Amino acid sequence: MLIKMNDYRELILSELANEIGAEFVTKRRDEILNIPEMRKLLKEIEERGSSYNYKRLKEFKMLVKKVKMMKYYETRKFRTDEGLEVSILERGQYLEQLIERLTDTFKMIGGKVVLDIGSGTFPLYFSKELPAGTVYIAIDSRKEVIEELNKASTSHLKLIVIHSDACEIDYKSLLSQFNIKRADITLMLRVLSVIARTKKIDPVEFIESIPTRTLVVSEPLRSLVRKESVITRETKFLNSLARKLENRGIFAYHEIWTIGEEIFLFLF
Ligand SMILES: C[S@@+](CC[C@H](N)C(=O)[O-])C[C@H]1O[C@@H](n2cnc3c(N)ncnc32)[C@H](O)[C@@H]1O
């Protein structure tokens, strides 16, 4: 029976490769074999016996859907064909208000250092309003973003651009390279859920590893896949994140702010 189930594993994987793409399925093979949808399907096949056409099972359809979603998240576009960053474009008229609120917060706390994780091209907009001499550290894993930031002329402040996976950085040593003990404000705008999902990190532990006085996390209020409103889910996620960080003594209090189709968590 054990050998049979192994055969099924291979059969299902090759079916997924046909439907979704061999390269993706081969690359994420171990992960796919471990997702609950795959385990449920194998259990169902085992219970029904090998003569049943597994492709007719709802568990198979669920598995295909799940793997398609995994591929979508991996290949999803952050930029339109015209070269505009989606997050900036979607903020539209609200971008100005957002920059104003962040600038006010930064000035209120007498900030000198901004750490922007998964920055995209946001530094190009935010940096314009910041006081002269501000140190702005921007981190992104996309080459095109890094190239664009490196081209930017931001002579009134020090823009440090880092091309890296945000999860592979030791934030304390990164900051100490620039003689900085901790950032004054850390931004994780529209990126925390992406990283949590794709890199399987625990958001609380990740945030705990960043030496910072304040933190701003944001999430879009519309699902990127189905476009339905996810306001309840995201509000719950951010409130629970805030509670956990406050309980651990990392931050003292928080504020939730919603503008346009984006929800923000400010942690002080
Ligand atoms: C939705 S965009 C948001 C950009 C910007 N923070 C904003 O709100 O305008 C997400 C950004 O995170 C970057 N990103 C995704 N995963 C990352 C990772 N593991 N490490 C570093 N950057 C990452 C992407 O390249 C992209 O620029």
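Before the details, two remarks on how to read it. Residues are numbered from 1 along each chain, in the order in which its sequence is written. Because this is a predicted model, local features are reported at pLDDT of at least 70 and side-chain atom pairs count only at pLDDT 80 or more, while totals for chains, interfaces and linings use all residues.

Let me start with the whole chain. The protein chain has 13 helices and 7 strands, where helices (H or I, at least four residues) and strands (E, at least two) are DSSP runs numbered from the N terminus. Its C-alpha atoms fill a box of roughly 70 × 40 × 35 Å, taken along the principal axes. The domain assignment, which comes from an automatic or database source, gives domain 1 (2–75) and domain 2 (86–267), and the C-alpha centres of domain 1 and domain 2 lie 36 Å apart.

How much of the chain is buried? Buried residues make up 26% of the 268 residues in the protein chain; here a residue is buried if 20 or more other C-beta atoms lie within 10 Å of its own, exposed if 12 or fewer, and partly exposed in between, with the C-beta atoms placed from the backbone. Two residues are in contact if their C-beta atoms, placed from the backbone, lie within 7 Å, and among contacts between residues at least 6 apart in sequence, 61% join residues at least 24 apart.

Now to the strands, which pair if DSSP finds at least two bridges between them. Strand S4 (183–189) and strand S5 (residues 212–220) pair in the parallel sense over 6 bridges, and in this pairing Leu-187 stands opposite Val-216 in S5. S5 is also joined to S7 by 6 bridges, but these two run antiparallel, with Val-217 opposite Leu-265 in S7. Strand S7 (residues 262–267) in turn is joined by 6 bridges to strand S6 (residues 254–259), and those two run antiparallel; Trp-257 has Phe-264 as its bridge partner in S7. S6 and S7 form a hairpin with 2 residues between them, and Gly-260 in the turn has a positive phi of about 55°.

Some of these residues come back when we turn to the interior. A nonpolar core is a set of buried Ala, Val, Leu, Ile, Met, Phe, Trp, Tyr and Cys residues joined through C-beta atoms within 7 Å. The largest one has 40 residues, and those with the most contacts inside it are Val-114 and Val-216. Apart from it lies another core, of 10 residues, among them Val-25, Ile-32, Leu-41 and Ile-45. Leaving aside residues up to four places away in sequence, Val-216 touches Leu-102, Ile-185, Leu-187, Leu-189, Phe-264 and Phe-266.

What surrounds the ligand? There are 21 residues around the ligand, the closest being Ser-87, Gly-118, Gly-120, Ala-166 and Leu-189, where a residue counts as near if its C-beta atom, placed from the backbone, lies within 6 Å. The elements that give two or more residues to this shell are helix H6 (86–91), strand S2 (135–140) and helix H11 (192–199), and H11 gives the most, with 3 residues. By class, the shell has 11 nonpolar, 5 polar and 5 charged residues; Ala, Val, Leu, Ile, Met, Phe, Trp, Tyr, Cys and Pro count as nonpolar, Asp, Glu, Lys and Arg as charged, and the others, Gly among them, as polar.

Finally, a few single residues. Arg-190 lies in the loop between S4 and H11, and its phi is near 50°, a positive value in a residue other than glycine. Is Arg-190 buried or exposed? Arg-190 is buried, because 21 other C-beta atoms lie within 10 Å. Lys-200, found in the loop between H11 and helix H12 (203–208), also has a positive phi, of about 55°, although it is not a glycine. Lys-200, however, is exposed, because it has 9 other C-beta atoms within 10 Å. Ser-173, in helix H10 (residues 171–177), counts as exposed because it has 8 C-beta neighbours inside 10 Å.
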